[in-house]
Amino acid sequence: MRRSITLGLAAATTVAALGLPALATAANAAPASASSAATASAPHHHNWDYDGWWGTYWSSNHLAKAKGYVDVNYDHKESNRVHITGKLYDDDHRTYSKGGKCAYIKFRVSYWDDGEDDWSSSYKSYKYCGAGGYKQINFWRYDVAQVQAKVCQIGLYGNVPVKCGYWRDIYNAYDHHYGYHA
């Protein structure tokens, strides 16, 4: 009994060190039961799922930037949930009276029902005014084939982005790099 407790504690310590959920009890370290083994051995339902880091993407003058993570989970071939998270940074330390601007990011998507590079007319955007700080990015889109982002600056009270960088891929099912074969 002492050996299994020691192994259980060592495993829990290793798991905790890796930042994974810790083992709740020593029983969890025991071999899987027949019912849970059947579930665990079921084939992976969708090999098109993708997750990875995106960015760092910049405004053209490098005074705004964004980076983050994308997690794409498929239900069926053209049915997915795309979760975009990240941070938008304002690196413009000028005062507004001296031309200082806020950080701005715009996201666009193309849906499976549309063609490649046929972008939706609706955008998701974030604005952050606070030199040296950042704003959290967190949103979902469904049934999309492509997601891109563009980082810009925008006036404190303005609504027209300026100093924009290029559109950059966050996810593109048409590009084999992302693991999907359209």
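Guide: A definition comes first. A strand here is a DSSP run of E with at least two residues, a helice is a run of H or I with at least four, and the numbering starts from the N terminus. The model is predicted. With that in place, the part to look at is tyrosine 134, which is found in strand E6.

Start with its surroundings. Is tyrosine 134 buried, exposed or partly exposed? Its relative accessibility is 40%, so tyrosine 134 counts as partly exposed: buried would require under 20%, and exposed over 50%. Which residues does tyrosine 134 touch, once those up to four places away in sequence are set aside? They are Lys87, Leu88, Tyr89 and Tyr128. Aspartate 91 gives another view of the fold. Tyrosine 134 and aspartate 91 are 43 residues apart in sequence, yet their C-alpha atoms are 8.9 Å apart in space.

Strand E6 covers residues 134–142 and is one of the edge strands. Strand E1, residues 50–58, is the other. Each of these edge strands pairs on one side only. The sheet is open and has 4 strands, in the order E1-E2-E3-E6. Their pairing is antiparallel. From one strand to the next, the twist averages 15°. Strands of a sheet pair through backbone hydrogen bonds, in a parallel or an antiparallel way.

Cross the sheet to E1. Its partner is strand E2, residues 64–76, and the two run antiparallel. How many bridges join E1 to E2? There are 8. Two positions show how residues face each other. Glycine 52 stands opposite valine 70 in E2. Tryptophan 58 has lysine 65 in E2 as its bridge partner. E1 and E2 also form a hairpin, with 5 residues between them. In the turn, histidine 62 has a positive phi of about 60°.

The loop between strand E5 (124–128) and E6 holds cysteine 129. What does cysteine 129 bond to? A disulfide joins it to cysteine 102, with an S to S distance of 1.9 Å. Cysteine 102 sits in strand E4, residues 102–111. The pair links distant parts of the chain, 27 residues apart. The torsion about this S-S bond is about 100°, so the disulfide is right-handed. Cysteine 102 is buried, at a relative accessible area of 0%, whereas cysteine 129 is partly exposed, at 29%.

A disulfide is a covalent bond between the sulfur atoms of two cysteines. How many does the structure hold? The count is 2. The other one joins cysteine 152 to cysteine 164, S to S 2.1 Å. Cysteine 152 lies in strand E7 (residues 144–154), and cysteine 164 in the loop between E7 and strand E8 (168–172), so this pair ties together parts 12 residues apart in sequence. Its torsion is about 105°, so this disulfide is right-handed. Cysteine 152 has a relative accessible area of 0% and is buried. Cysteine 164 has 30% and is partly exposed. With bonded cysteines counted along the chain, the disulfide pattern is 1-2, 3-4.

Next come the charged side chains. How many salt bridges are there? The count is 1. The side chains of aspartate 92 and arginine 94 form it, 2.7 Å from N to O. Aspartate 92 is buried, because its relative accessibility is 3%. Arginine 94 is partly exposed, because its value is 40%.

Last, the chain as a whole. The protein chain has 2 helices and 8 strands. Along the sequence, the pattern reads α-α-β-β-β-β-β-β-β-β. Of its 182 residues, 35% count as buried. The chain exposes about 11,000 Å², and carbon and sulfur atoms supply 54% of that. Take the contacts with a separation of 6 or more: residues 24 or more positions apart account for 60% of them. For tyrosine 134, where this tour began, aspartate 91 is 43 residues away in sequence and 8.9 Å away in space, C-alpha to C-alpha.

Methods. Residues are numbered from 1 along each chain as its sequence is written. This is a predicted model: local features need pLDDT of at least 70, side-chain atom pairs count only at pLDDT 80 or more; totals for chains, interfaces and linings use all residues. Side-chain values use heavy atoms; hydrogens and water are left out. Two strands pair if DSSP finds at least two bridges between them. Axes are lines fitted to C-alpha atoms, for helices over the stretch in contact, and angles run from 0 to 180 degrees between N-to-C directions. Buried means under 20% relative accessible area, exposed over 50%, partly exposed in between (1.4 Å probe, protein chains only). Contact means heavy atoms within 4.5 Å. Accessible areas come from the Shrake-Rupley method with a 1.4 Å probe; for residues, only the protein chains shown count as cover. A salt bridge is a side-chain nitrogen of Lys or Arg within 4 Å of a carboxyl oxygen of Asp or Glu. A disulfide is a pair of cysteine sulfur atoms within 2.5 Å.
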